[in-house]
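Colleague: Could you show me how to read an enclosed space in a model, and then a bent helix?

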Amino acid sequence: MGYQRFVALGDSCAEGLADPHPSGGFYRGWADFVAARLAEEEPGFRYANLAVRGRRLDQIHTEQTPAASRLQPDLIALFGGGNDVMSRGWDARTVARRVDTAVRACTEIAPRVVTFTLSDISHRMPMGHRMRPRLTALNDAVREASVSYGATLVDLWPDDAAHDSRYFGPDRLHLSEEGHRRLAGHVLGRLGVSHDPAWLAPLPGSAGRPGVRADLRWLTREVLPVAVSRFRNRLIGRQPGDGFLPKRPELLPVHEETLAWAPEPA
């Protein structure tokens with residue numbers, strides 16, 4: 001089955017963070033790779049990306065699904081939940097309801113909906129031992145909702161690539177270019193669309209083990225600024241992602257010059 005109108009919803013991973021386009025100026029990511037491949041099959045293909053970094057599933061549903069509905073897509077990819085897992089006041093039942101609401105809404109909009117479990121990245125996260133049960137609960141909810149509403153599930157939890165640091169960017173959480181290509185390969189495979197087999201092939205060699213200096217740089221350049229930003233946001237009542245706009249809010253043909261990214265707010 002060919003697709004004419006593809007819309008990506010979600011958070012920073014769907015936006016493409018940690019995969020800057022080689023020409024500079026914007027992020028790329030797995031959804032762009034998927035769109036480029038689907039466009040090869042359909043001359044009239046168009047693609048929109050409504051994802052915004054920092055957004056939880058309830059915010060994705062409230063802010064992005066109405067916009068997606070107006071675009072009348074025949075394919076939606078919904079990638080979210082990571083910010084719910086890392087939020088204060090975690091409650092598994094609340095997040096399960098958010099998952100159910102978001103997946104149901106997407107299946108009411110488009111005939112084909114792709115959903116995702118999250119990889120086991122607990123070993124890459126501060127306080128990771130506390131995050132793993134949350135990831136498990138989120139993924140269980142995604143699997144259940146996908147079955148209930150007939151969504152196509154991309155199950156990333158078993159993927160051993162989560163243990164290869166080369167699939168991740170400097171913050172060790174967001175995907176690198178290799179990680180985004182691998183995720184695109186998983187999506188295209190579930191859609192029954194051929195793709196470059198190298199996207200899912202193991203990377204050659206092995207990842208080097210980071211030393212003490214690398215860990216210190218990661219803590220000071222990646223972890224600490226995020227912690228400070230989250231604390232400041234709580235003080236002023238700002239939500240992660242506030243001030244950012246979707247990088248591709250309208251359905252457009254897939255050309256390099258139209259894969260634009262909204263700049264950061266001042």
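Colleague: Which strands and helices each supply at least two residues of the lining of the largest cavity?

Modeller: Rolling a probe the size of a water molecule over the atoms shows where empty space is left. In this predicted model, local features need pLDDT of at least 70 and side-chain atom pairs 80 or more, while totals for chains, interfaces and linings use all residues. Residues are numbered from 1 along each chain, and side-chain values use heavy atoms, without hydrogens or water. Strand E3 (75-79), helix H5 (92-109) and strand E4 (112-116) each supply at least two lining residues (helices have at least four residues and strands at least two, as DSSP runs; lining means an atom within 4 Å of a cavity point, where a 1.4 Å probe fits on a 1 Å grid but cannot get out). H5 gives the most, with three residues.

Colleague: How much space lies in the largest cavity, and which residues line it?

Modeller: The largest cavity holds about 70 Å³, the space filled by probe spheres set on its points, and the structure has one cavity of 30 Å³ or more. Its lining comprises Leu 57, Leu 78, Phe 79, Gly 80, Val 99, Ala 102, Val 103, Thr 115, Phe 116 and Val 142.

Colleague: Where does helix H3 bend?

Modeller: H3 bends by about 40° at Gln 64, with Pro 66 following within four residues (the angle lies between axes fitted to the seven residues ending there and the seven starting there). Gln 64 is among the buried residues of H3, as is Leu 57 (under 20% relative accessible area, 1.4 Å probe, protein chains only), and Leu 57 also lines the largest cavity. Just after H3, Gln 72 takes a positive phi of about 50°.

Definitions and conventions:
Buried < 20%, exposed > 50% of the residue type's maximum accessible area, 1.4 Å probe, protein only. 1 Å grid on protein atoms, 1.4 Å probe; cavity = no way out; pocket = protein on both sides within 12 Å on 5 of 7 lines; lining within 4 Å.
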